[in-house]
Structure formats: C-alpha cells, structure tokens
Amino acid sequence: MVRESLIWAAIGTGFTFFMTAAGSALVFLFKKEISAMAQRIFLGSAAGVMIAASVWSLLIPAMEEAEAAGTPGWIPAAGGLILGVLFLLGLDSLMPHLHAGSKDPEGRPSSFRRSTLLFLAVTLHNIPEGMAVGLTFALAAQHSGEPGNWMAALALAVGIGVQNFPEGAAVALPMRQEGVSRGKAFLYGAASGVVEPIFGVLMVLAAGSLTAFMPWLLSFAAGAMLYVVVEELIPEAHLGEHSNVGTMGVMAGFLVMMVLDVVLS
C-alpha cells in the first residue's frame, strides 16, 4: 500500500514540478516580466485553487476519516489546521525570502541576493502543495477499493500543476530582470518546485506509519496551504488599481478546482 502510494505521489508531484519548470522556461521566450494585470490573475487563480483544494481535497476528507473512526470530525480538522498554520508561520518567520513586487525581504536578516530571496519565497509557497498531493495519494491507497479517491488525488495534482505554471515564470522572469542569465533564471525557477516531490514523498511515508493520524495530517496540509493563500497570494493579487481582476482570478481558480474534484471523484 505504501509502495503504491509512493509511486503515485511521485508521479503526481512530478507533474507539478514539471509544470513549474515549464513556466520557468518562459524566460527563454520573453524579455520582460509578465504584466501586473496578468500577475494578479495568476496569483488570484492560484489562491482560488488552493482554497478549494484545502476544503474539498483535505478538510472534508479529514472530517470523513475521523468520523469513520468514531471521532468528532471537527477535532482533527480544527487541530490539524491550527498546527499547519503554525508550521508555515514558523517557516515564514525564520526563512529569509522576498515576495515578487516587494522591496523589503521577510524572515530572518540575511545577506542573500534578491534573486535567491525570490527563489526562497516560491519554494516556501510550494511546500504545502507537495504535502497536499502526497497525502491525497496516501489516502487513496488506504482506500484502494474506491476509485473515486484516486481520481480526487489526480484532480488535485492537475489543479496544483496548472497553477504552478505561472509560479515558475514568477521566479524566472524577475530574476532575468535582476540581471541573472536566462539559463540560471530557468534553473532557479525549476528548482523552486523540487520541494513538492520531496514533501509529497515524506507525507506518504509519514502517513504509512501514522495511519490513525491521517485526519490530522490532511488538515495540517490544509492549514499550511490556507496560510500561504491569506498571507501571500490574496494580498499580492489585490495590489494596485483594478484589484477586481485578482478577485475574479480567485473565483475562477476556486471554481475550476471544485469542479475537478467533484466531477473526477
């Protein structure tokens, strides 16, 4: 069971990594950064995808798993979510990083270059996404007789992979503007997605030995994803004028991820 979920988690997170690398490859095609409006749309849609994934793919299954085991569903859902938020809050406070469009870095003071700080920001963002994909495949393996769980895990991998495409560009293109070579900017952008397969596999291994805590692990990943959405994606999607574009991006991303999850599962 663990082996099967490891294989599928590697495939799913491998796809999300590939999409990050594909977005980074845009640095070979464009000389400038993507427009501010396009950036808001991309960030908004990413936020919508992650909100829907947190609810439909993580929190609801967490409550269902807990209730099937005779535990009130809200306890692990709420407790795991809080732990996930605290986990990302700690990483956000400790890891030096710089969000695109910002002048001042966050986290602990460091002497890192702006390009490295931009890379770390997206890497931090990708950690909960890898966790989420890995856990949904681990859950599907635990209920291998129910094909809907496999389809739901695939839907999550597809949804996150699609929104990773502009994320790769969001690392590579600003680095090119900072004077980094195209090849190096591409490698930085692609490398920011490596944490997804790593954390996806780690979550499968953890779930294999902590089956009873699966509801907590699922909601932990949901809390980490929601932290990224609220702390980073939604504020950045609403910077400047005409922020309703970012709002519509959130709605569109949520709708697409919700439909993928419901139809495929």
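Here is a short chat about a few helices in this predicted model.

Visitor: Is G90 buried, partly exposed or exposed?
Guide: Let's start with where it sits: G90 belongs to helix α3, which covers residues 74-94. Buried would need under 20% relative accessible area, and exposed would need over 50%. The relative accessibility of G90 is 26%, so G90 counts as partly exposed.

Visitor: What distance separates the C-alpha atoms of G90 and G107?
Guide: Along the chain, G90 and G107 are 17 residues apart.

Visitor: Are α3 and α4 roughly parallel or roughly antiparallel to each other?
Guide: Look at the angle at which α3 and α4 pack, about 155 degrees, with their axes 10 Å apart. Angles over 145 degrees count as roughly antiparallel. Therefore α3 and α4 are roughly antiparallel.

Visitor: Which residues of α4 make the contact with α3?
Guide: The crossing of α3 and α4 is right-handed. On the α3 side, the contact is made by F87, L88, L91 and D92. On the α4 side, the residues are L124, I127, P128 and M131.

Visitor: What is the handedness of the crossing of α4 and α8?
Guide: Helix α4 (residues 114-142) and helix α8 (residues 214-237) pack at about 155 degrees, with axes 9 Å apart. That angle is over the cut-off of 145 degrees, so α4 and α8 are roughly antiparallel. Their crossing is left-handed.

Visitor: How many nonpolar residues does the contact of α4 with α8 have?
Guide: Among the residues making this contact are L135 and L139 of α4, and L217 and F220 of α8. By class, there are 2 polar and 2 charged residues, and the number of nonpolar residues is 15.

Definitions and conventions
Residues are numbered from 1 along each chain as its sequence is written. This is a predicted model: local features need pLDDT of at least 70, side-chain atom pairs count only at pLDDT 80 or more; totals for chains, interfaces and linings use all residues. Side-chain values use heavy atoms; hydrogens and water are left out. Helices (H or I, at least four residues) and strands (E, at least two) are DSSP runs, numbered from the N terminus. Buried means under 20% relative accessible area, exposed over 50%, partly exposed in between (1.4 Å probe, protein chains only). Axes are lines fitted to C-alpha atoms, for helices over the stretch in contact, and angles run from 0 to 180 degrees between N-to-C directions. Angles under 35 degrees count as roughly parallel, over 145 as roughly antiparallel, 65 to 115 as roughly perpendicular and the rest as oblique. A crossing is left-handed if the near helix is turned anticlockwise from the far one by less than a right angle, and right-handed if clockwise. Contact means heavy atoms within 4.5 Å. Ala, Val, Leu, Ile, Met, Phe, Trp, Tyr, Cys and Pro count as nonpolar, Asp, Glu, Lys and Arg as charged, and the others, Gly among them, as polar.
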